[in-house]
Amino acid sequence: MKISTIAKNNMTTEIFEKLIKQSESDILDFKRSEYDFSSNAPEPKKSEFIKDIISFSNTIRNETSYIIIGIEENNKKIELKGITQITDDSILQQKVKVNVFPIPTFRYYSFLYKNMLFGIIEFPIKKYERPITPTVKLKGLQPGMVYFRRNSSNDEANASEIIHINNWLNSLSTEYISFEEIINKHLLEILDDSIPLSKIIVQLLNVSKKFDITKLKKFCEREIKGLIKGENYSDDEIYSILDYRVKTVTALPYEINLEAASYYTSSQLLQVLKNEHGAWDQQLLLQYSILKIENHIKNFPKGQNTLLHIKDKMNDEDIYIYFDKQRLQSYYQSIREELKNLLINLL
C-alpha cells in the first residue's frame, strides 16, 4: 500500500480498512489508548510518544507510515476499541519541537469508523538534512542517538544502519507534492475541455497505483481498455457504477444506407428511422475505450446529417445502433463528470 500525503485528513474508509487488515510492522503501529501526557504518568510513558515520532520518521521506506490509536492487537488479531477523546495536533507538534532535531513532519487527526473514533498519526516520506535525534535526555532516549523501526518495534540504530538511513535521506527529493495537490492539479485539467480525457486518465492510472487507490485504478483501467463484460464489469454493475456510460440511443434490426437521406439533419434523420423504418429508442452501455470515443468525436464529419452506427446484439440477433455527434459527446461529458466526482471524493 502506498499513500504518500500529508493532507489535513487524508484517511478514507478504503485506506483504513486496508491498514487494519495488516499486522504491526516497520510502517504501521496500533495503540490501545492515547499517549499519556499527564503530570503523574510514568516516565517511560512520557517519552514513548517522542520515541515513536523519531523512529517512524527515520525508518527507510517508500510509502507513508501510520500509528493508529484505538486498536489492540493480540496474537495478530485486531480488536477495534476506539477512543473517547482526541489530543489537539498542535499540542503534539509542540512536544516534538522542544525535544528533537531536525523537526519531523507528521500530522495527527481523528477518523470515524463504524461509529468509533480513532486517532491517526501520519508520517509522509520527507527529506531531512540528517536523521532525527533527541535533543534532551528522556527515559529510554539519549541525545544524539538515532532510533528507527525494526520490524514492529522501535530500536537504536547501529553505525551501519545510520549510514543506510543517511543514504536514504540523501536520495529523497527536496520537493514534496501532497496528495491533495496532485488531485487538485488533475481536477483543474478535467475542467479544461481542451485537455483530452485520455491523457488525464493515463496520468491518474499512475497516481492510483502509486497511492493504491483501488476505485480510481479500476475506473482508469476500464476507460483505457474499454468495457469488457466478464473481465472488468458485470451485468449488475451496468446501472450502478457504470450508469454514467448508459444513454438512450436509436436502434434498428438492420443497417440503413444513410447517404440517400443526406438532405436531413442528424436529428431529423433519427426521426425518419423511427417513422419509416421502425427504429426504437433503447439504452446503450457504450463499451468503447476513452481514446476510441475521442477519435470518433474528432473524426465525426462536419455535416449536420451524419450519424454514427455500431453493430450490437439483442436476444442473440444483430441490431444496429445509431446516434449523432451530440449523443456521443454526451457520453464523453458523462465520463468527465464521473471522473471529476471521483477525485472530489478523494479530497
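## Confidence in the model

Where pLDDT is low, the predicted coordinates should not be read in detail. Across the protein, the average pLDDT is 88, and 94% of the residues score at least 70.

This is a predicted model, in which local features need pLDDT of at least 70 and side-chain atom pairs count only at pLDDT 80 or more, while totals for chains, interfaces and linings use all residues. Residues are numbered from 1 along each chain as its sequence is written, and side-chain values use heavy atoms, with hydrogens and water left out.

## An open sheet and a helix across it

Now look for an open sheet of 4 strands, ordered β1-β2-β7-β6 with mixed pairing. At its edges are β1 (28-31) and β6 (107-113), each pairing on one side only. From one strand to the next, the twist averages 25°. Strands here are DSSP runs of E with at least two residues, helices are runs of H or I with at least four, and both are numbered from the N terminus. Two strands pair if DSSP finds at least two bridges between them.

β1 and β2 (residues 65-69) run parallel and are joined by 4 bridges; Lys-31 stands opposite Ile-69 of β2. Helix α2 (residues 43-58) lies across β1, β2 and β7 (116-123), at about 50° to β7. Such angles run from 0 to 180 degrees between N-to-C directions, with axes as lines fitted to C-alpha atoms, for helices over the stretch in contact.

## A hairpin

Strands β9 (residues 147-150) and β10 (residues 153-156) run antiparallel, with 4 bridges between them. Arg-149 faces Asn-154 in β10. The two strands form a hairpin with 2 residues between them, and Asn-151 in the turn has a positive phi of about 60°.

Ala-251 is found in strand β11 (residues 246-252). Ala-251 counts as buried because its relative accessibility is 0%; buried means under 20% relative accessible area, exposed over 50%, and partly exposed in between (1.4 Å probe, protein chains only). Beyond four places in sequence, Ala-251 touches residues including Trp-280 and Tyr-320. The C-alpha atoms of Ala-251 and Tyr-320 are 5.6 Å apart, although 69 residues separate them along the chain.

Glu-189, in helix α5 (residues 179-190), is also buried, because its relative accessibility is 16%. Among its contacts beyond four places in sequence are Ile-195 and Arg-336.

Conventions. pLDDT is the predictor's confidence in each residue, from 0 to 100. Contact means heavy atoms within 4.5 Å.
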